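Here is a short briefing on charge contacts and strand pairing. Keep the structure open while reading.

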Amino acid sequence: MEGQLLAQTLRSRRLDWSLITTLIERWQPETHTFHLPIGETTITLQDVEVLYGLPVDGLPVALPHAMRDYTGEQYLETLQRLTDFRPEDEGALVGASRLALTPVRLHLEAMHADITHDTPDLHINRYTRLLLLLMFGGVLFPNTLGNLVSLKFLHHLEWLDDLHQYSWGAVVLGYLYRQMCQACIGTQRDVAVFMPLLQVWAWERFLQFQPPLPPIAQDEPPTPFLPLARRWVDRRGYGREYEARHNLPIAAICWICWRPRR
């Protein structure tokens, strides 16, 4: 039950592109903040941790020196060793370390049908590593080159029990900062970031852009502890009904929720 709810929290949702585009246009690369008439604001490590439960303390998500010179063949051998999967089409590998997500997704679908309560741990671990690769490339670290994932993450997936020790929230936020900076200064035409983080943060902080939340039923059982973003699942932005492009530049101080996280 909790696993299904957490998956819903991270899944794709209908994005309010009017709001997201307007925020990116007001991004200042020099300060890593959104410039508003009333001042500047930004997404912080605390926001990432509270909204999506990603740890912001711990080991850095860094690549060992030994892997920095890996060839494409070495990355594919590592992928096969950890997941028992290697794409039949070598063209699925872009450059030395980027793999197309489509063959990964298809292989996962085939594996899913064989998983039961009696499935060995080795098989479950292989499935989990591929699923995490899919989440890295498709959700947390998307890219403008296409539907790709970096196989450099395989280093951090070798020991699944150690995953919680890494500062995933810090690297997600750093990646978001870098991508928005590149889009603003014109080094790339599109921006590919963890869009749900940007949108949910805006909904939490800008009261005028919040879609209505459903009332809490009195007889509803308590929800398992989940990141705060869970409450925005299936919510939709105002889109054309409420033009962020017009209203964000005239944002008033009373529009912003300054309540600190606890």
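Is aspartate 84 buried, partly exposed or exposed? Aspartate 84 counts as partly exposed, at 46% relative accessibility. The model is predicted.

**Salt bridges**

- The count comes to 6 salt bridges, with a side-chain nitrogen of Lys or Arg required within 4 Å of a carboxyl oxygen of Asp or Glu.
- Aspartate 84 forms a salt bridge with arginine 126. Their closest N and O atoms are 3.7 Å apart.
- This pair links distant parts of the chain. Aspartate 84 sits in the loop between α4 and β4, and arginine 126 in helix α6 (residues 121-140), 42 residues apart.
- Arginine 126 is partly exposed, with 22% relative accessibility.
- Glutamate 158 forms a salt bridge with arginine 81. Here the closest N and O atoms are 3.0 Å apart.
- Again the pair links distant parts of the chain. Glutamate 158 is in the loop between α7 and α8 (168-184), and arginine 81 is in helix α4, 77 residues apart.
- Both partners are partly exposed: glutamate 158 has a relative accessible area of 25%, and arginine 81 has 49% relative accessibility.

**A salt-bridge network**

- Arginine 86 forms a salt bridge with glutamate 73, and the closest N and O atoms are 2.8 Å apart.
- Arginine 86 lies in the loop between α4 (72-83) and β4 (93-94), while glutamate 73 lies in helix α4, so the pair ties together parts that are 13 residues apart in sequence.
- Arginine 86 is partly exposed at 23% relative accessibility. Glutamate 73 is partly exposed at 39%.
- Glu90 joins Glu73 and Arg86 in a network of salt bridges.

**Positive patch**

- Arg68, Arg98, Lys152 and Arg178 gather in a patch of positive charge on the surface.
- Lysine 152 lies in the loop between β6 (148-150) and α7 (154-157).
- Lysine 152 is partly exposed, at 39% relative accessible area.

**Three-stranded sheet**

- An open sheet holds 3 strands in the order β1-β2-β3, with antiparallel pairing.
- β1 (27-28) and β3 (39-41) are at the edges with a single partner strand each, so one side of each has no neighbour in the sheet.
- β1 and β2 (residues 33-36) run antiparallel and are joined by 2 bridges.
- Tryptophan 27 stands opposite phenylalanine 34 in β2.
- Strands of a sheet pair through backbone hydrogen bonds.

How values were computed. Residues numbered from 1 in each chain as written. Predicted model: local features only at pLDDT ≥ 70, side-chain atom pairs only at ≥ 80, totals over all residues. Heavy atoms only, no water. Pairing = 2+ DSSP bridges. Helix = DSSP H or I, 4+ residues; strand = E, 2+ residues; numbered from the N terminus. Patch = residues over 30% accessible without salt bridge, like charges linked within 9 Å, V, L, I, M, F, W, Y side chains within 5 Å. Areas by Shrake-Rupley, 256 points an atom, 1.4 Å probe, with all protein chains shown as cover. Lys, Arg positive; Asp, Glu negative; His and termini not counted. Charge placed at Lys NZ, Arg CZ, Asp CG, Glu CD. Buried < 20%, exposed > 50% of the residue type's maximum accessible area, 1.4 Å probe, protein only.
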